[in-house]
Amino acid sequence: MPETTTLPNASILGYPRLGRRRELKRAVESYWKGATGEAELRETARELRAATRSRLVELGLPVAGGAVPETFSFYDQVLDATLALGAIPRRFADVAASAASDLTTYFALARGDDSHQPLEMTKWFDTNYHYSVPEIDEGTPFAVNADALVGQLAEAREQGIESRPVLVGPVTYLLLAKASDEAGAGFRPIDRLDEAVAVYAQLLAALAEAGATWVQLDEPALVSDSLAVPREQTLELVERAYTALGSAARRPRILLSAPYGDAAPALVRLGALPVEAVQADLVRGALPQGALASGELARAFEGTQLVAGVVDGRNVWRTDLRAAFALLTRLQQAGIDTVVGTSNSLQHVPHDVADESQLDPRLVSWLAFADQKVEQVAILARGLSDGAAAIESELAAVDRALADRAAAPGVRDARVRARVASVSDADRRRAPERERREAQRPLGIPQLATTTIGSFPQTAEIRKARSAFSRGEIDQSGYDGFLREEIERVIRLQEEIGLDVLVHGEAERNDMVQYFAEHLDGFAVTEHGWVQSYGTRATRPSLLWGDVSRPAPITVAWSAYAQSLTARPVKGMLTGPVTILAWSFVRDDQPLGDTAAQVALALRDEIDDLVGAGIGIVQVDEPALRELLPLDADRQAAYLEWSVGAFRLATGGAAPEVQIHTHLCYSEFGEIIEAVDGLDADVTSIEAARSRMDVVEPLGAHGYSRGIGPGVYDIHSPRVPSVDEQAELIRIAAARIPGEQLWVNPDCGLKTRGYEETVASLTNLVLAAQVVRADEPSGAGVA
Ligand code: MET
Ligand SMILES: [Zn+2]
């Protein structure tokens, strides 16, 4: 074990990485465009890292002892680990061999190039952050590359800060990897754990050599039941890996973290590992009460520090410091060397609430973004060192803010509460499926009906008009006129292409959640509250702070106008309750299910009004249904009950003749078919083109009886899929799913696409449907 000091009693696992004003986004994108060179980009990155370290110290993290984490990334922390391990997929070997620098290879992996598809991206645990999926096979090279981490350490030292390098740990890295296409049958990336651990040991040696006193290795795999191996086995793998790493001759002290969930069942065993600190998420998770009371936990943590993740890194609310302090005090009294920490990296929250000049100051007083959370950690740490009295005034200030929040108008709205209380099971039940199918015949939907997912390209013109409107340069009627012209254009275009069920195109929406947040009571939107979703992309989640209700119809005028222009059916288009919650920062003072029911009732009224305005088909998008599924298997049933219940409450008022669609876009659809079936939607569109229709297999096996539209057009790139290619995918689906159930549509909305490729691709899509209808002449025509 290295002879260095223990961790100071305040730390965080990580911090936002794009910069307070998304400086890194601009620098990286300008480098991609070729407008700036690598040296300039590296200089901006260096300045950003320096600013972050100084800021963390200013907010109260100690300069010495490894309290300040190095969590910079040019694109993604999993991709950083791929480079640190030298695990360049073999299909990129030519890129790596000829690359001018590591950075060229790095971005080629992230984004692909003319001759290489990029690494796949998928969601990081139960967050809306996406990581670049490592591709490993028996022959993927592993070769240590500590340059980036060592360089950052040296920069920090120059600044007078003893920082702590951070890396995704070996078990999590391999469990999040996928077997490459070249892998042999039955190969699993985790099979190469011992080799990877050997490279991690070399990395640790290089860091020790460079003077690192601490290193943080993140192992969130420890809290997940959604990985390829059962959780108990993950713990064994972690024990194997860290027993080896712990015994390495030359290494910094190790902080092993288990963020994003409940590590309680594993905590005693983690404490006994030969590492010097273990972090546990005490917001999503708990302490093992029995082991704490019996002294077993304290014995396991003898000589090991416990980083208590009491400040929530997943939301934007001020922590109840008094409750957090009570928990910390119990740990301290149990004799455990306790460090105050966050539940997970602060990368999932915006920078600084002080930047929000437009928000109601009263709301602001209840909030804590990343900077405020670091201050909270520092306050609690001071309490641990100096005693409760030293922080009593800070605790009292939080008490007052929380009391104010609990009593503030709008946080509890008696009318909304009464309505939720009066909801009965019948409100969640539509007429039986078969009866609905009959009632919906007049809609005249043909077999292999063609449609889109909702949005059409968001052109520069649309964005310009929106910002001119928000700046007051055009007035309401000017803006509405612009949107009506846009809708008319999109309707005519769809008629020309020959789609069966049309959409209005969503030109009025800046974002599928924020648009609704802006039109519902109980929400606020931020100015600078950006959160990285992947690479240089960030979203600005809305703040759901109060009881939710709908002061007036939201989408009805647009949908009704679109329907007035055409004889073909136009789908109304709404974002579902679960997705609205998932992509907002949600109040933490009541169960999510209660909040979801409020949003559902607002949407229920919207559907009612859409139908009243002559709309016969309404799509309620739930792309985040899978994302919110708890990592912990024990919590999944309860989640599915309230989430599916909220969708059904939103849609349950629709008469049998109204066709309800939903849209889900993610690949692990097979896992939650039961729940999707439970949504009781008439038609569901899903992402399927990239996986070449993998989902139809489980759908066929399940005996799924509802309408289903597996995507035949991958909208993630400008590539135009040919008629043959799309027809081929339709045929794969048609082999397992009867024609009257099968819909033909793209994977997702078209908002990020350009018009040229959209028109070409949709034209091919319609032709492909015609070609397949002609395969079996008896199946063609109106069902
Ligand atoms: C991420 S799912 C998007 C659904 C939405 N209706 C759209 O087309 O864009
Ligand atoms: Zn989608």
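Predicted model: local features only at pLDDT ≥ 70, side-chain atom pairs only at ≥ 80, totals over all residues.
Local features were taken at pLDDT of at least 70 and side-chain atom pairs at pLDDT 80 or more, while totals for chains, interfaces and linings use all residues. Residues are numbered from 1 along each chain as its sequence is written, and chains are lettered from A and ligands numbered from 1 in the order in which they are written.

Secondary structure follows DSSP runs numbered from the N terminus, with helices (H or I) of at least four residues and strands (E) of at least two. Burial is counted on C-beta atoms placed from the backbone: a residue is buried with 20 or more other C-beta atoms within 10 Å of its own, exposed with 12 or fewer, and partly exposed in between. Two residues are in contact if their C-beta atoms, placed from the backbone, lie within 7 Å.

Two packed helices are described by the angle between their axes and the distance between the axes. Axes are lines fitted to C-alpha atoms, for helices over the stretch in contact, and angles run from 0 to 180 degrees between N-to-C directions. Helix 3 (residues 77-85) packs on helix 5 (residues 102-111) at about 130 degrees, and the two axes are 11 Å apart. Helix 3 and helix 5 are therefore oblique to each other (under 35 degrees is roughly parallel, over 145 roughly antiparallel, 65 to 115 roughly perpendicular, and the rest oblique). Their crossing is right-handed (the near helix is turned clockwise from the far one; left-handed is anticlockwise by less than a right angle). Helix 3 contributes Leu-79, Thr-82 and Leu-83 to the contact, and helix 5 contributes Asp-102, Tyr-106, Leu-109 and Ala-110.

Helix 8 (residues 193-209) and helix 9 (residues 231-246) form a second pair. Their axes come within 9 Å and cross at roughly 35 degrees. This crossing is also right-handed. On helix 8, the contact residues are Leu-193, Val-197, Tyr-200, Ala-201 and Leu-204. On helix 9, they are Leu-237, Ala-241, Ala-244 and Leu-245.

The length of helix 9 agrees with expectation: its 16 residues should span 22 Å at 1.5 Å a residue, and its end C-alpha atoms are 22 Å apart. The expected span is 1.5 Å times one less than the number of residues. Buried in helix 9 are Arg-231, Thr-234, Leu-235, Leu-237, Val-238, Ala-241, Tyr-242 and Leu-245. Seen down the helix axis, these buried residues fall within an arc of 160 degrees, so they line one face of helix 9. The arc is that of the directions from the helix axis to the C-beta atoms. The buried residues pack against helix 7 (170-176), helix 8, strand 8 (253-258) and helix 10 (267-271).

Helix 29 (residues 755-775) has 21 residues.

Helix 20 has 22 residues. It reaches 31 Å from first C-alpha to last, close to the expected 32 Å. Phe-482, Leu-483, Glu-486, Ile-487, Val-490, Ile-491, Gln-494 and Ile-497 are buried in helix 20. Their cover includes helix 19 (460-470), helix 22 (556-564) and helix 29. Gly-498 follows helix 20 and has a positive phi, near 95 degrees.

The loop between helix 20 and helix 21 (514-519) holds Glu-506. The loop also holds His-504. His-504 is buried, with 29 other C-beta atoms within 10 Å. Beyond its neighbours within four places in sequence, His-504 is in contact with Ile-487, Val-490, Trp-558, Ser-559, Ala-562, Val-570 and Met-573. The C-alpha atoms of His-504 and Lys-571 are separated by 7.7 Å, at 67 residues apart along the chain. Glu-506 is a residue other than glycine with a positive phi, near 60 degrees. Glu-506 counts as buried, with 25 C-beta neighbours inside 10 Å.

Met-693 also has a positive phi, near 70 degrees. Met-693 lies in the loop between strand 21 (683-686) and helix 27 (696-702). With 22 C-beta neighbours inside 10 Å, Met-693 counts as buried.
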